[in-house]
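Today I am opening my notebook on salt bridges.

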Amino acid sequence: MDSPVPPRTAAPGPRRRDRHGRGMRGPVAPPQVPLSASRAEVFADLVQDSVERLERHWPQLADIDFLVLEVPRLDGPGDGWSDEAVPLGGTIEAHDGRRARVVVYRRPVEIRTKGRDERAALVHEVVVEQVAELLGLTPETVDPRYGED
């Protein structure tokens, strides 16, 4: 007769495999790889890249705060959207000891673009337009390549 095989005893260490024989699951990519960056972080990097490009020619931009918000807020509790398009960015003038601010709205920009390159170009256009408005200049003065495809 065949003698039955005794069951293996569980090893006292940590489990190395799951019940299907595969390895333990871990992160898809290490934290330093761009794949692991969230969409919000990637978008903030696009805004920062655009600001750094402009700061080379406009050192006064160091006195302006650049912010990324998800969506524009309604001004008051009873206000609704008008027939105008949803804004992609905005400015807040300096007052009461606060620095001037340029705001870029992430979701409206993402919805209007398909890829990273297109998104980077639109982010740069929005930043240039808002900086021009804040400085009282034309966008072409702020960035001579404004509007080029």
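Is Asp143 buried or exposed? I looked it up: Asp143 is buried, at a relative accessible area of 8%.

**Ground rules.** I am working with a predicted model, where local features need pLDDT of at least 70 and side-chain atom pairs count only at pLDDT 80 or more, while totals for chains, interfaces and linings use all residues. Residues are numbered from 1 along each chain as its sequence is written, and side-chain values use heavy atoms, with hydrogens and water left out.

**Confidence.** I checked pLDDT, the predictor's confidence in each residue, from 0 to 100. The protein chain has a mean pLDDT of 84, and 73% of its residues reach 70 or more. Among the elements, β3 has the highest mean (96) and β2 the lowest (93). Helices (H or I, at least four residues) and strands (E, at least two) are DSSP runs, numbered from the N terminus.

**Counting.** I call it a salt bridge when a side-chain nitrogen of Lys or Arg is within 4 Å of a carboxyl oxygen of Asp or Glu. By this rule I get 5 salt bridges.

**Arg53 and Asp143.** This pair forms a salt bridge, and its closest N and O atoms are 3.9 Å apart. Arg53 sits in helix α1 (residues 39-55) and Asp143 in the segment after α4 (139-142), so I noted a link between distant parts of the chain, 90 residues apart. Arg53 is partly exposed at 33%.

**Asp65 and Arg99.** Here the side chains meet in a salt bridge at 3.1 Å, N to O. I found Asp65 in strand β1 (residues 64-69) and Arg99 in the loop between β2 (89-92) and β3 (100-105), 34 residues apart. Both count as partly exposed, Asp65 at 25% and Arg99 at 42%.

**Arg106 and Glu70.** How far apart are the closest N and O atoms of Arg106 and Glu70? I read 2.6 Å for this salt bridge. Arg106 is in helix α2 (residues 106-111) and Glu70 in the loop between β1 and β2, so the pair ties together parts 36 residues apart in sequence. Arg106 is buried at 7%, whereas Glu70 is partly exposed at 39%.

**Last entry.** I also found a network of salt bridges linking Glu70, Arg106, Arg107 and Glu110.

Note on methods: Buried means under 20% relative accessible area, exposed over 50%, partly exposed in between (1.4 Å probe, protein chains only).
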